[in-house]
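Hi there,

Here is the structure I promised to pass on. Have a look, and my notes follow below.

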Amino acid sequence: TPTACRKTHIQYKHRGINNNNQEERPYLQQQYVCQRITHTDMFALTALPPGVDKAEWLASNTVAFFKHINLFSSALSEFCTPSTCPTASWMYFPVYFWTDDHGRKLKCSAPLYFDYAMSYIQDLLTDEDVFPTKAGSVFPTGFVFLVQKVFLLLFRTLAHIYWSHYRETLAMGLHPHLNTLFTHLTLFCRQHALLEPEDTEPLCCTKGRHTHHKNT
Ligand SMILES: [Zn+2]
């Protein structure tokens, strides 16, 4: 079956790359995958409501996803340390560097990478020139591009949790929240074309490819 093939392939690609080398990936197991905190129609939740400005809809969802994902990753932060996660790996892509505003590449562990990511997002969201809150202000040119960057970082945060911290998530009973959040996020991104196929491919496809990955 495709699922069995995927599991075998993932184990093969995974071996020796990540120290979290359990035979079965728990997040692929049906009894965990199907658990959600709500069975609301996610397509209806992600679609642009009639009469709402598209940029406004993207902005309010960006803020909401950031708050939820920041909260979720904080709940697991004690398990994500420089020794457990020396790189910000997700699937078989280890990410070693964060590229700062000046184009400098900073070598970092997963907790540091996601700290940089969350601070970067927070700064953007509170920047009145990028995410205006006052009546009459307009969204800047390139707004969608920045939103795409934010969603790529949020997606990677969840992908890292699936890849490296799913056992702790299960132990804390948080997997229905994680599954719901991830489903909502991926559907929202698909509906509004926020992630490139190659950004999500490692989690979704059956074939592994080593491609160059931008990290911001
Ligand atoms: Zn980690």
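**What I found**

H165 sits in the loop that links α6 (143–164) with α7 (166–171); helices here are DSSP runs of H or I with at least four residues, strands are runs of E with at least two, and both are numbered from the N terminus. Before going on: this is a predicted model, where local features need pLDDT of at least 70, side-chain atom pairs count only at pLDDT 80 or more, and totals for chains, interfaces and linings use all residues. Residues are numbered from 1 along each chain as its sequence is written.

H165 is buried, with 23 other C-beta atoms within 10 Å (buried means 20 or more, exposed 12 or fewer, partly exposed in between, with C-beta atoms placed from the backbone). Leaving out residues up to four places away in sequence, H165 touches L76, F79 and C80; contact means C-beta atoms within 7 Å, again placed from the backbone.

The unreviewed UniProt entry lists C80, C85, H160 and H165 as "binding site". They span 86 residues in sequence, yet no two of their C-alpha atoms are more than 9.8 Å apart, so they gather at one spot. UniProt positions follow the numbering used here, feature names are shortened, and such annotations may be inferred rather than shown by experiment.

C85 lies in the loop between α4 (54–75) and β1 (97–99). C85 is buried too, with 24 other C-beta atoms within 10 Å. Beyond neighbours within four places in sequence, its contacts are C80, S109, A110, P111 and S164.

Enjoy exploring it!

Notes
Two residues are in contact if their C-beta atoms, placed from the backbone, lie within 7 Å.
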